[in-house]
Structure formats: structure tokens, C-alpha cells
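Subject: Structure handover

Hi,

Here is the model you asked for. Please open it alongside this note.

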Protein chains: 2
Amino acid sequence: MKEISDFRVQLDVEEIPKKWYNLAADLPRPVPPPLNPGTKEPVTKEELGLIFPPSIIAQEMSTERYIDIPDEIRENYILINRPSPLQRATRLEKMLKTPAKIFFKREDLSPVGSHKANSALAQAYYNRHDGITNLTTETGAGQWGAALALACNIFEMECTVFMVRVSYDQKPFRRTVMETYGATVHSSPSAVTEYGRLLQKTMPDTSGSLGMAISEAVEIAAKNPDTMYALGSVANHVMLHQTVIGQETMMQLKKIDVEPDYMIGCVGGGSNFAGFTFPMMGEKIKGKNNCEFIAAEPKAAPSITEGKYEYDHGDTAGMTPLFKMYTLGHNFVPSSIHAGGLRYHGMAPLVSAAVDQGYARAVSYDQLETFDAGLLFARAQGVIPAPESTHAIKAAIDLALEAKKKNEEKVIVFNLSGHGLLDLGGYERYLAGAMQPSGKNGA
Amino acid sequence: MKEISDFRVQLDVEEIPKKWYNLAADLPRPVPPPLNPGTKEPVTKEELGLIFPPSIIAQEMSTERYIDIPDEIRENYILINRPSPLQRATRLEKMLKTPAKIFFKREDLSPVGSHKANSALAQAYYNRHDGITNLTTETGAGQWGAALALACNIFEMECTVFMVRVSYDQKPFRRTVMETYGATVHSSPSAVTEYGRLLQKTMPDTSGSLGMAISEAVEIAAKNPDTMYALGSVANHVMLHQTVIGQETMMQLKKIDVEPDYMIGCVGGGSNFAGFTFPMMGEKIKGKNNCEFIAAEPKAAPSITEGKYEYDHGDTAGMTPLFKMYTLGHNFVPSSIHAGGLRYHGMAPLVSAAVDQGYARAVSYDQLETFDAGLLFARAQGVIPAPESTHAIKAAIDLALEAKKKNEEKVIVFNLSGHGLLDLGGYERYLAGAMQPSGKNGA
């Protein structure tokens, strides 16, 4: 049964990582700092203090290689099924008749359905410790909102979520999940912020966007001293918190003596890709491995493959600092693809820097081909993947087929960032043949 | 960190049980056999051969204590995340301020959302080995249908599912799950069977029932030689296959040196309760433990607490043999509670015999109080439970509160048979305050 034992690699709860890993410590060139849009000077702690608590700001600006994970967070990581298993996609390999070995990391097993709670728990913990009682945020597909709702419930805080209108309408049950955990959810643009009311007036038919929802949440946080803002991706501290994924994966691969040739994650804001790849990327920078890191993005929001690496706002209203990132422009509104979590105009500064410095590359896919890949994966492995995660699956399948052509025994590891059980409307349309190629103009 | 290590007890894939356990071997009095409704004689293998293949019939009639699990099934059990973790409900204990220790078995982690694939994989495997190419079945909430759809896909068989009308309408996405795995799904009563057409004519407004859907599936199997019938609960062989749950649980409790005082499962047909408790119950019959086994049923279908222990049909049309079981009468149509998987008029003969012989007892709950329990559990542990599983949670909470009153350190272990992510319509109604007590007349 030795063979079977490699099909799923588990870790014990004691093996939940004790530190987060910070790629900023190892990138050869420093990551350009965020700028104040008025002065064009690097933003100060004081400026950030309007929406983030001191301990989060310290992490955001840190260049320390490792940051300790408090025991209380590690204990709550058990609730979200950390450490998550690493699984071999044996049936997918057989279906593809590939000599490649395919592994996937099971972030789908979290009760909130994705990797997002890795950072939500940390953010709620630090805000609570800094005396904050309310958190507010945006959510695209609802994955981040659900994660923050659970985290706030655990640390006994109030949670207000602005959910992008198209997802609010397409995925009503994600709202129910957030409400089950006790959060308050608004469809964005909403009537509860000044900016939301302005958008309702000027763009009454908009499907909303993450950029708009961020502006609404930031407005609430800036106006209320007991309320801070929590961000589900893009920021440095979010990338940091997610590195538990990659550290676990490295331990798991080591346990079965496997060296990955490729590590793949889908990218919207970049957090699951960063969390999954950065620990291994740090080793690569030190010359300890030769792994390739691939970010899979949607053609509907191709920030890396078609955007520019320049300073831009993180939100639509221009309320956030300027970040140096791959961006399509902060007014870009992606088409209404089902992968709502990938509908973002920019890319995390740390991921952008990794791409710029040659340590990661991106591929982009149309919605239809990612659903093809998702259906194949569901039938092979039983897990129905989130539309976001199907982008990583598509990239993994492409590499496995390339390995087949060249008859190479490559090792392909991807992050299954979430399950698709609350995205079945997308699968329903796909199975009915009603899904069109998305391109940049809607699906 | 020793304490943390008890919060979740894992097993390695090699520890997936190698045998199923058969309670029929250990019950002091034999289980009364099913009867031919015409002759009132025990049904023969030949009669059962019309809808079941030989290897399943052999298991159905077996009184052997252990039956080997083929390696091919064990390997596929990895796909459905076996062995599943046993988790300590530490936050729930704190919320209840109880000295009791509460553990729950994580059948919710299966990609099909419940314990059902434990038997679906076995049934598909044996049918395939006996040369059958098509399986047909009924499904209530859709949990069993999804499990059989996945299993048929894995063993390359066709799958046709009759889904109880009320669930088909309440839970459209369960149908999408089955179709994603490649199955064909009909709303029952349907137009594709004679019995279904009769029901459509005589009871046009019926919400359907498991009994009706069984009749439709059995009709299809009886008429087509390449098609057999697969049953999601009630039958002896289904109870058998589910015993992987209880065997794993016993290993896990042993690892942390814990003796359970109570083991609890919800009951519709009885399969998750049986699978969870029978291995431990077999030991109890031999005097090796003093655990109490509690079946939690809905007030809307209280077969044990309000039914009679007598011979009755398993389906509504009277096409199945007569089973000795606790039953409300095969024409009983339960109200449309959200726990669709518990809407069954009878109780598995093996579970019924265990109750009759004094080894298990039942409690019954109203829908509203089970959703109260479900919400409390979701906020405590992060997992949104299936409406069916909330019945077990309610029983566990009641016992934990009793232990608090008496200041006793009881150990309470329940089976979390499934998650509720495809039942969020029920939670939505509950949160909106629109859910009424169900009693026997609707919700």
C-alpha cells in the first residue's frame, strides 16, 4: 500500500506553520512602496492608520523574512481544516494519459470554501487585539466575504460586507453563508455610502466591480473610528498570511520526496497564488530549486498578460494609495464572468514584483475553456472546483499534455483554491450549452 | 501543543478499514427476513435478482461478521476523503459552558457533501463487476443521487436518478451536481415510468416522496436487464458499507484514549446512524463498552418514536418486498421539511432490530429547533451542517446541556453526516424568520 499512501499527503495539526513567510525579504530588488496620490511620496503609517490597525500596518511594511503566527490563530486554523491535504490527481493523470504527476492542494476543504480564511482569521485577530470592534470589506464572488464573516464571528466583531452586484445576484447563497455567520451584506454599489449613491445615480446599470466595492468599504472605515477595513487580496499582509499554504505544500512534497517542476495558482488580486508559491519562490531566489511559477488569469481581466506595470489606484474611486502593479487601469470593469473572484483590474504589488523580476509568469484563459477543464477535473477527482480555480486546473492540464507530447515525467502542483458548490449556476449554464466565450465583453 | 493535537484526529489512507462490519452477526436475535408480499414467504435470491446483482444480494443476506473491502473501492475511498477526520467541537463546548467533551465525525468533507458515497462506490463497483452497465435510483435531498452519480462516473456506468419533486424544486443545484458527474435526473413523480404517470394523474399536486421515487426507479430496473437498482439507505448491504465511518471513529477515539458515552446519528432510512454506531454497538453486545446509541429523527417522519414495528413495503407502490421495520405506513407522505433526506416512512430493518432489541433509542425534533441547533453549530465550528445532520447536533447539544446540569464529564460523539451548502435556501428562510415549526404538516 506504499503507492496509495502517496495519493494524499496529510500533516498533523502540530505541523500548522509557526511563521508566515515574507517574500519581500528575498526579492533581489525592493518592492516599490505605495504612494500618496496627492504628494506622490511613500504613504506613511499615519495615513494607513485611517483604515488599518497598527499591527497590520507593521506587517504591511515589514521586510522581515519570517513573522510569528500567534497560537490563537494557529488554533483557529484547525477550524478551517488546516493543515490541508495535498492530493495526487491520479484519475486526471490517467484520463490525460500523461507521464506527468499532478498534485493539488486542498484549500477547497475549508468550511468557507476557499483559502480566504487564512488571512481573514489573522486580520480579525490583529484588529481585535488593537481594540477594533467592527470590520468592513468588499467581496467579489463572496469567498472573501464569507471568510471574514466567519473570522469576525470567531473573534466577536461586527462585519459589514459590500458584495459586487453581479455576484450578489448570481450567487445569492453566498450572502446566506455570510449571514449565517452573522455578517451584514450590501449589494454594491449600495445606498449606504456616498460613493455608492453616486454610482447608483451615474451608472445605474453597472454590474459593479471589486474596485467600486473597495471604495465603499474604505469610505465606511475612514468615517468610523471603531471600524477598520479588511482587504481580501492585493495587500502585502494578505500575501503574507496566505503563505501557510505554500509552506505546508513544501513539507508535504518533501514527505514523499517529490520536487515540483511547476507550481500554479489562479490570480485575481493574487493572494492564493502568492500564498501557494512564495515560500518555494524564496528558495528559488536562493538557488535551491528550479521550479517555474505560473499565474493563471482570466482573459476578462488579464492584468499581467495585457496590463502595464505602473502606479495605479487599488480601487475605482481613487481613495486608496497608488500601488506599483500590473494594471488594466482602475476604471476597467471586467465582463461578468462566473469567476467573480478574479474580476480585478490590478495585481498584488508583491506578485507584480515577482513577475517583473522574472520569478513568475502568467497565462490567460477564456471562461469557456476553464469550465471545460473544471468539468473534466470534477469527473476525474470528484471535486467540483470554483470557477476561479478552474483557471489553475486549465494551466495544469495544458502542462500535463505538453509533458505527454515530450514524454517527460514533469511534476505539476496546483492550488485548488476553492470548491464550486456555491457557483453551480455557472455549471448549470455550461452544461446547458448556454455559456459563450467571455473575451472581455461578458458571459 | 499536545492539547491542540486532540482537536482533530486524523488517520492515514492506509488506515481506511479493510473490512465492513455486519451487525447481523452479533445481534442476539436474528433480523426477521424480508417477505414476498404475495406468498408471505422469505424472498429468494432469484426474486431479488430482478433488481440487484448477485454480489449485492449475497451481502444483503449475509450473516458473516466481516466482509472484505476490495482494494479498488478502498482506493476510491481516498477520492471521497476517507478516512475522514474526527474533530473536537471545542468552541461549541465553550459556548454551551458544558463539562462534556463533544466530538464530530467529518462526513461533510466528502466532495459529494455527505456519507452517501461510502455505499455508492461499493454498489457501483459490484454492479460493474457483475456486468451491469446502468444504475437507477431515487434521491430525496439529492445527497444519495449525487453520490451515486459520482460512483457511476468513476466505474463508467450510466446513472438515472428520480429526485423527489419537493427537493428537485427546493434544491435545483443538487441536480446540477448530479449532471456535472454525468447523470440523468428526473423530477419524481415523472413521466418516464408507468407508476410516475399514474401519480401525475391521481395526485397532480403531490410534493413527491422517497417511497414514490423508489417505485419509479425499481420499475425501470425491473424492466431493463442491463439496469439494476441502487438503494441509498434501508437495505442491509447499505448499512454494511457505511460501517467504515464507525470503524474509523473507534480507531480515532482509541488514539486519544477516549471512551464515548453517547454516539448520535440522524435517521431517515438509517444508513449514517448504522454506519456510525454499528461497529461500536457490536462491541457493546459483547459487553466491551457501555455506550448509548441515539437515533435523531424529524417529527415530520417519526418512524421509530411514533411508528409500529411490523412488516411493511419499502416503497409507496408496493413493489418492494415486505420489511420488518418501524414504519408509519408506506402511504405516509411526510411534510416538506428541508431535511429531505429524512422524509421516509420506514426505518432500516437492521436499525429497527437494534432498537427492538434494546441497543438503540430514538429522539425526535421539530424542524425549527434543529435549525436553531444548526445555526449555533455553524457559528461555533464554522461548518454549515446539512438540515439532516442538524438533528444529530440538536441531540448532542441537549445531552451536553444535561451533562452541564449534572456536572458530568460525558463524552458525546455525533456523526456530521453532511454539509448544508446546497441547502442554504432553508437557512435563508430560517434567518428571515419565515420558518414555521414543522410538526407533521409542512414547513
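Below is what was found, starting with how the two chains relate.

This is a predicted model, in which local features need pLDDT of at least 70, side-chain atom pairs count only at pLDDT 80 or more, and totals for chains, interfaces and linings use all residues. Residues are numbered from 1 along each chain as its sequence is written, chains are lettered from A and ligands numbered from 1 in the order in which they are written, and side-chain values use heavy atoms, with hydrogens and water left out.

**The two chains**

Chain B is superposed on chain A by a rotation of 180° with 0.0 Å of shift along the axis, at an RMSD of 0.0 Å. Contact means heavy atoms within 4.5 Å.

**The largest pocket**

The largest pocket holds about 560 Å³ of space. A pocket here is an open set of points on a 1 Å grid over the protein atoms alone, where a 1.4 Å probe fits, with protein on both sides within 12 Å along at least five of seven lines; lining residues have an atom within 4 Å of a point. Grid points are joined across faces, edges and corners, and the volume is the space filled by probe spheres set on the points. There are 24 lining residues, and the closest to the pocket centre are A:Glu75, B:Phe7, B:Thr90, B:Arg91 and B:Lys94. Helices (H or I, at least four residues) and strands (E, at least two) are DSSP runs, numbered from the N terminus. The lining splits into 9 nonpolar, 5 polar and 10 charged residues. Nonpolar covers Ala, Val, Leu, Ile, Met, Phe, Trp, Tyr, Cys and Pro; charged covers Asp, Glu, Lys and Arg; the others, Gly among them, are polar.

**Sheet and helix in chain A**

Chain A has an open sheet of 7 strands, order 1-4-5-15-10-11-14, with mixed pairing. Strands pair if DSSP finds at least two bridges between them. The edge strands are strand 1 (8–9) and strand 14 (361–365). Strand 14 of chain A runs parallel to strand 11 (292–298) of chain A, joined by 5 bridges. A:Pro298 has A:Tyr365 as its bridge partner there.

Helix 15 (349–356) of chain A has 7 of its 8 residues buried. Buried means under 20% relative accessible area (1.4 Å probe, protein chains only). Its cover includes helix 12 (236–255) and helix 13 (271–285) of chain A. After helix 15 of chain A comes A:Gly358, with a positive phi near 85°.

**Two buried loop residues in chain B**

B:Leu27 sits in the loop between strand 2 (19–21) and helix 2 (45–48) of chain B. B:Leu27 is buried, at 6% relative accessible area. Beyond neighbours within four places in sequence, B:Leu27 contacts B:Ile285, B:Leu350, B:Ala353, B:Ala354, B:Gln357 and B:Tyr359.

B:Ser114 lies in the loop between strand 5 and helix 6 (117–129) of chain B. B:Ser114 is buried too, at 4% relative accessibility.

Best wishes

Definitions and conventions:
Least-squares fit on C-alpha atoms with pLDDT ≥ 70 in both. Buried < 20%, exposed > 50% of the residue type's maximum accessible area, 1.4 Å probe, protein only.
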